[in-house]
Amino acid sequence: MRKCVFALTLVLSSCAVAGVGGVVVKGALKTWDEIAKIALQASGRATSKEAISTASKTLKTATEAYGDDVANAAMKGGIEVAEQSAKSAGRFVAVIQKAGEASPEALRALARQADDAIRYTAKYGDDVLVLNDKVPGIFSRVVLAVEKGGVKNPTRAIRAIASLPAEDIPRVIGAIEKNPGVSKSFIEGVEKGGRAFVDKVFALNGTQILAGTVGTAAIIGAIRATAPLAAEGNAVNTQTELAVDIMKESSPEEKTKFAELWTSMTNKNREGWIRVAAICGIVLAVFAGIALILFVVRRRRNDHAA
């Protein structure tokens, strides 16, 4: 029994706990003024006596109300963390708890966009936090671009963008924002092809994307070029449905260009399947011929034996 009590005491003493005089972090007491100074420095704010006093009160109130996660996150991400925790009646605390081991830049970005962080994480889940970890502060732009794009499944679209490498996310959002007329098809291209689609569409149409003049046909071409070969058969139906949806939203000129591109690609697919069918037919015919010969030989042997 004594051993259990002793072990429990060690566990409790190693945790960060809020108290009247401050917070105990890894066994050492940090006063509210010390925490406030660290949080102000993390925010890049002045650390005058008055500023420390005000921040100290904010930290004490928020931490005692919502837990020591507030003080720990504020020391890492800035005093804005404590301010937003108090302002949101604790709802922002749930966000920083989910953020886990986020970088100081990521925590500050969440605090500066606290209202969006609360709303979007509740609506779209942890993928919002993944976006913010990779590119601090960009999550609001991503969500807004996806919602404006009118895709069928915004949650899936946000997850697809969040799965991209950090360096690809800003250029994808920039492309969507500069080319709103094709934003839906661009986002769906990211969903289907991921980084391969992004690399392909920028390699072929980088100038047009930056100028805001990229067309539907170009995006469909990149989608087709990066479709997984192993899933080509199943992809045909999906891509046809996507093509129909996009055609409805295109200009007459784009419809003409796209029709030419789609017809060419469809013919290539058809020729490929014809070749496969022909090869299969030849193989089956050969095996059938061999089986017939063996049957005749065996029959003759049986007749002679009789």
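Which residues have the most contacts inside the largest nonpolar core? They are Leu59, Phe92, Ile161, Ile169, Phe186, Val190 and Phe197, and the core has 69 residues.

## Ground rules

This is a predicted model, so local features need pLDDT of at least 70 and side-chain atom pairs count only at pLDDT 80 or more, while totals for chains, interfaces and linings use all residues. Residues are numbered from 1 along each chain as its sequence is written, and side-chain values use heavy atoms, with hydrogens and water left out.

## The nonpolar core

A nonpolar core here is a set of buried Ala, Val, Leu, Ile, Met, Phe, Trp, Tyr and Cys residues joined through side-chain atoms within 4.5 Å. Buried means under 20% relative accessible area, exposed means over 50%, and partly exposed is in between (1.4 Å probe, protein chains only). H13 gives this core its largest share, eight residues. Helices are DSSP runs (H or I, at least four residues), numbered from the N terminus. In soluble globular proteins, nonpolar side chains tend to be buried together.

Take Leu59: leaving aside residues up to four places away in sequence, Leu59 touches Trp32, Ile35, Ala36, Ala39, Ala71, Ala74, Ile79 and Ala82. Contact means heavy atoms within 4.5 Å.

Over in helix H11 (residues 154–162), the buried residues are Ala157, Ile158, Ala160, Ile161 and Ala162. They pack against H8, helix H9 (127–134), helix H10 (139–149), helix H12 (168–178) and helix H13 (183–211).

## Two helix pairs

First up, helix H4 (residues 69–77) and helix H5 (residues 79–87): they pack at about 140°, their axes 6 Å apart. Axes are lines fitted to C-alpha atoms, for helices over the stretch in contact, and angles run from 0 to 180 degrees between N-to-C directions. H4 and H5 are therefore oblique to each other; angles under 35 degrees count as roughly parallel, over 145 as roughly antiparallel, 65 to 115 as roughly perpendicular and the rest as oblique. H4 brings Val70, Ala73, Ala74 and Gly77 to the contact, and H5 brings Ile79, Glu80, Val81, Ala82 and Ser85. By class, that's six nonpolar, two polar and one charged. Ala, Val, Leu, Ile, Met, Phe, Trp, Tyr, Cys and Pro count as nonpolar, Asp, Glu, Lys and Arg as charged, and the others, Gly among them, as polar.

Next, helix H6 (residues 91–99) packs on helix H8 (residues 114–124) at about 70°, with axes 9 Å apart. That makes H6 roughly perpendicular to H8. Arg91, Phe92 and Val95 of H6 meet Ala114, Ala117, Ile118 and Thr121 of H8, and the contact divides into five nonpolar, one polar and one charged residue.

## Salt bridges

There are 14 salt bridges in the structure, each a side-chain nitrogen of Lys or Arg within 4 Å of a carboxyl oxygen of Asp or Glu. One of them joins Arg119 and Asp116 (2.5 Å, N to O). Both residues sit in helix H8, three residues apart, about one turn of the helix. Arg119 is partly exposed, at 44% relative accessible area.

Arg171 has two partners to look at. Its bridge to Asp168 is 3.1 Å, N to O, and both lie in helix H12, three residues apart. Asp168 is buried at 2% relative accessibility, whereas Arg171 is partly exposed at 30%. Arg171 also forms a salt bridge with Asp199, with the closest N and O atoms 2.8 Å apart. Arg171 is in helix H12 and Asp199 in helix H13, so this pair ties together parts 28 residues apart in sequence. Asp199 is partly exposed, at 35%. Through shared partners, salt bridges join Glu167, Asp168, Arg171, Arg195 and Asp199 into one network.
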